[in-house]
Amino acid sequence: MILLATATRWEGGPLAEALSLSSSGTGKAGGMDLLLVKTGIGPENARRALESLDLPARTPLFAVLSVGLCGALQPGMSPGDLVLEARGVPETWLEPARLRAKDLGLRLHMGAVISQDRVAFDPAQKRMLGESLRAAAVDMETVSVRSWARARGAQFAAARVVLDGVDDRMPEEAPKDESLRSLAGYLLGRPMDIPLLLRLGLRQRSALRGLGLFLKGWLETVARHETEPAA
């Protein structure tokens, strides 16, 4: 099984559609089972959600992917670009990723994805993080997903799509959860941010569609390579 962990339904919905997953988040890629799990926002919610999973005992966990949106930490990265952290994964994963991104006309950056428990909203802070940690991107869940995957001996990769460039200022906070009540309260408390949030919403839709198409082709190739008998 390949497990994909994403924070919210707003991220998971477009990815599930691109991967042709069922309403329960299950599907297939190259003969291997897929499962999309929504963890909630932030490292602690992600940790709790994954630790509470009841996976089928007879289905070995081959790989875990942290998927969704991220913020760029390096110059030259634009919204809609893909970021792949693939340290330690088989070499056979990398070339298919490059080819799939090229076929889709998307730029693919290889590099570390770090996580924080708050939104990286300030351009100066994002530049500092990128320079000091030599990281490509930042999100709020990958650290927990990575730790959970490695504790179970599964392959791990983060496959993310850039929502904001390193020089883009973001809202200082994210909604506490994905409920409509939380979202409404978040918007009412930040009326000055509403134009920015609307722009980000439109950008998000396009970015996640690109990530979904990338994952569909890439995972099919990776899974097929793992499930086909050796010649």
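Residues are numbered from 1 along each chain as its sequence is written. In this predicted model, local features need pLDDT of at least 70 and side-chain atom pairs count only at pLDDT 80 or more, while totals for chains, interfaces and linings use all residues, and side-chain values use heavy atoms, without hydrogens and water.

Student: Is the pair of Phe 62 and Trp 93 stacked, edge-to-face or tilted?
Tutor: Rings of Phe, Tyr and Trp (its six-membered ring) pair if their centres lie within 6.5 Å; planes under 30 degrees apart count as stacked, over 60 as edge-to-face and the rest as tilted. The centres of Phe 62 and Trp 93 are 6.0 Å apart and the planes stand at 50°, so this pair is tilted.

Student: Are Phe 62 and Trp 93 buried or exposed?
Tutor: Buried means under 20% relative accessible area, exposed over 50%, partly exposed in between (1.4 Å probe, protein chains only). By this scale, Phe 62 and Trp 93 are both buried.

Student: What is the class of the pair of Phe 214 and Trp 218?
Tutor: The ring centres of Phe 214 and Trp 218 lie 5.4 Å apart. Their planes are at 25°, so the pair is stacked.

Student: Are α2 and α5 roughly parallel or roughly antiparallel?
Tutor: Angles under 35 degrees count as roughly parallel, over 145 as roughly antiparallel, 65 to 115 as roughly perpendicular and the rest as oblique. α2 and helix α5 (residues 142-151) pack at about 30°. The two helices, α2 and α5, are therefore roughly parallel.

How values were computed
Axes are lines fitted to C-alpha atoms, for helices over the stretch in contact, and angles run from 0 to 180 degrees between N-to-C directions. Helices (H or I, at least four residues) and strands (E, at least two) are DSSP runs, numbered from the N terminus.
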